[in-house]
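The stops below go from helices and strands to charged side chains.

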Amino acid sequence: MITLYHCDAARSFRPLWMLEELGLPYELKMLPFPPRVFAKEYLGINPLGTIPFMIDGETKMTESSGICHYLGTKYGPTPLIVGPDEPAYGAFLNWMYFSDATLTFPQTLVLRYSQLEPEERRNPQVSGDYAKWFLGRLRAVEAAAANSEFLCAERFTAADIANGYALRLAGNIGLAKDFGPNVAAYWARLQQRDGYKRAVAAEQKAGQEQNVAPRARP
């Protein structure tokens, strides 16, 4: 049984969504955010104290986009993965890495310096600058979504899951109001997927059953 450690609305939502799209059985363990502060016992499981942490037999992984790629490759074949024999393979990998390195990274600084730090350490200039950085990089998604329903290979793939989470995070920290029309329409399409809805429902159900409250939204 695959075990996934998850915080409400954290980047561990990527592998949770991937698991639901694949229809794989899993156990979801909810933690308060950030777990390194509010669930220190978790450091005995994942010394990084980060989310996600996935265990699949002897395999242990901490990188959300990498977990999605692993799940689709190991438990495929599945159209969620673009293979090296397909013309869009390079674009698929680029979008998979883009999702965290380019889109999620600046948002973590917005979140930290606008919400997570103590009041005296919050910094509107830092959060504002990195919000602009994120929105500037989002132009790549705006351009891609102008010509296709999905990011690559003319179908829904793990790259859409990986980048879709970045759009979900943007909504949670107040940046979705600045989406361009193509990104807004693309994100609306992703939220209509049954796999996405099941992942949201699983997150909510597990949080209630395990008595882990969801994070407050701005």
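Select helix α9, residues 194-209, which lies across β1 and β2 and runs at about 60° to β2. Helices (H or I, at least four residues) and strands (E, at least two) are DSSP runs, numbered from the N terminus. Contact means heavy atoms within 4.5 Å. Axes are lines fitted to C-alpha atoms, for helices over the stretch in contact, and angles run from 0 to 180 degrees between N-to-C directions.

This is a predicted model, in which local features need pLDDT of at least 70 and side-chain atom pairs count only at pLDDT 80 or more, while totals for chains, interfaces and linings use all residues. Residues are numbered from 1 along each chain as its sequence is written, and side-chain values use heavy atoms, with hydrogens and water left out.

Next, select the strands. The open sheet has 4 strands in the order β2-β1-β3-β4, with mixed pairing. Its edge strands, β2 (26-30) and β4 (59-61), each pair on one side only. On average, neighbouring strands of this sheet are turned by 15° against each other, direction ignored. Two strands pair if DSSP finds at least two bridges between them.

Zoom in on β1, residues 2-6, which pairs with β2 in the parallel sense over 5 bridges. Here Tyr-5 stands opposite Lys-29 in β2.

Helix α3 lies across β1, β3 (53-56) and β4, at about 20° to β3.

The whole structure holds 13 salt bridges, each a side-chain nitrogen of Lys or Arg within 4 Å of a carboxyl oxygen of Asp or Glu.

Select Glu-86 and Arg-155, whose side chains form a salt bridge at 2.9 Å, N to O. This pair links distant parts of the chain, 69 residues apart: Glu-86 is in the loop between α3 and α4 (89-116), and Arg-155 in the loop between α6 (139-144) and α7 (158-172). Is Glu-86 buried or partly exposed? Glu-86 counts as partly exposed because its relative accessibility is 25%; buried means under 20% relative accessible area, exposed over 50%, partly exposed in between (1.4 Å probe, protein chains only).

Move to Glu-117, which is buried at a relative accessible area of 10%. Glu-117 forms a salt bridge with Arg-112, the closest N and O atoms being 2.5 Å apart, and another with Arg-121 at 2.8 Å, N to O. Arg-112 is partly exposed at 36% relative accessibility, and Arg-121 is partly exposed at 44%.

Finally, select Arg-11, Arg-14 and Asp-100, which salt bridges with shared partners join into one network.
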